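Biologist: Please show me how to read a model of this kind feature by feature, giving the general idea before the particular case.

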Amino acid sequence: MHLVENFYFSMAKEMSIYALWKKLHTFYEKKSSSSRHIFIRQLFNMKMKESELATSHINTFSQVLDELSSQCLNFEEEIKALALLSSLLASWKVFYMKFTNSSEKQTMDETIRMILSEDIQRRSMELSIDDSLEAHFSLETAKSAGRSQS
């Protein structure tokens, strides 16, 4: 509450609307600059979590970009795309190299589309491997049970 009182009293001293406006502008500009710094750090230090879905990671990344955009800080499409690619897990390195070695500039939409496509392929491979392992263990269990009954 002390901070609110100090803010109120510092604003109440101003005699003209212009002076009050300047003081308010300065106060909120400092907050905005600090906020931008926080969001920029968050954007460029962001890393995808091990079990995180690509859609969830992209949504979080896009929210930070939207917040920066609302503060009039925009990046070129290629910078956004490269930042997103850099935030992927180390296990995505081959995908990253393949994607960044193309001679074309990457757009954010194209990057998102390729990441989601790759994520679907990876998840379907994981499911088919899990199904194969489950079938193998079920078969082995059935063979073992058949041997023990003999």
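Modeller: Let us begin with contact, which means heavy atoms within 4.5 Å. The helices that I shall name are DSSP runs of H or I with at least four residues, numbered from the N terminus, while strands are E runs of at least two. This is a predicted model, in which local features need pLDDT of at least 70 and side-chain atom pairs count only at pLDDT 80 or more, whereas totals for chains, interfaces and linings use all residues. Residues are numbered from 1 along each chain as its sequence is written, and side-chain values use heavy atoms, with hydrogens and water left out.

Biologist: Which residues of α3 meet which residues of α4?

Modeller: On the α3 side they are His57, Ile58, Phe61 and Leu65, and on the α4 side Lys80, Ala83 and Leu84. The residues of this contact of α3 with α4 divide into five nonpolar, one polar and one charged, where Ala, Val, Leu, Ile, Met, Phe, Trp, Tyr, Cys and Pro count as nonpolar, Asp, Glu, Lys and Arg as charged, and the others, Gly among them, as polar.

Biologist: At what angle do α3 and α4 pack?

Modeller: Two packed helices are described by the angle between their axes and the distance between the axes. The axes are lines fitted to C-alpha atoms, for helices over the stretch in contact, and the angles run from 0 to 180 degrees between N-to-C directions. Here α3 and α4 pack at about 140°, and their axes are 11 Å apart. That angle makes α3 oblique to α4, since angles under 35 degrees count as roughly parallel, over 145 as roughly antiparallel, 65 to 115 as roughly perpendicular and the rest as oblique. The crossing in which α3 passes α4 is right-handed; a crossing has that hand if the near helix is turned clockwise from the far one by less than a right angle, and is left-handed if anticlockwise.

Biologist: How do α4 and α5 pack, by angle and by distance between their axes?

Modeller: Helix α4 (residues 77–86) and helix α5 (residues 93–100) pack at about 160°, with axes 10 Å apart, and the two are therefore roughly antiparallel. Their crossing is left-handed. In this pair, Leu82, Leu85 and Ser86 of α4 meet Phe95, Tyr96, Phe99 and Thr100 of α5, and the residues of that contact comprise five nonpolar, two polar and no charged.

Biologist: Is Ser86 buried, exposed or in between?

Modeller: Buried means under 20% relative accessible area, exposed over 50%, and partly exposed in between, with a 1.4 Å probe and protein chains only. Ser86 has 37% relative accessibility and so counts as partly exposed. If residues up to four places away in sequence are not counted, Ser86 touches Lys47 and Tyr96. Ser86 and Met46 are 40 residues apart in sequence, yet their C-alpha atoms are 8.6 Å apart in space.

Biologist: Which residues are in contact with Gln106, once its neighbours within four places in sequence are left aside?

Modeller: They are Glu77, Glu78, Ala81, Phe99 and Thr111. Gln106 lies in the loop between α5 and α6, and its relative accessible area of 10% makes it buried. A polar atom of the Gln106 side chain lies 3.5 Å from the backbone oxygen of Phe99.

Biologist: Where is Asp119 found, and is it buried or exposed?

Modeller: Asp119 is in helix α6 (residues 108–149) and, at 10% relative accessibility, counts as buried. With its neighbours within four places in sequence left aside, Asp119 is in contact with Ala54 and Trp92.

Biologist: What is the phi of Cys72?

Modeller: Cys72 has a positive phi of about 60°, although it is not a glycine. Cys72 sits in the loop between α3 (54–70) and α4, where its 70% relative accessibility places it among the exposed residues.

Biologist: How many helices and strands does the whole chain have?

Modeller: The secondary structure comes to six helices and zero strands. Buried residues make up 22% of the 150 residues in the chain. Of the contacts with a separation of 6 or more, 61% are between residues 24 or more positions apart.

Note on methods: Polar contact = N/O pair within 3.5 Å; in protein donor to acceptor, adjacent residues only side chain to side chain.
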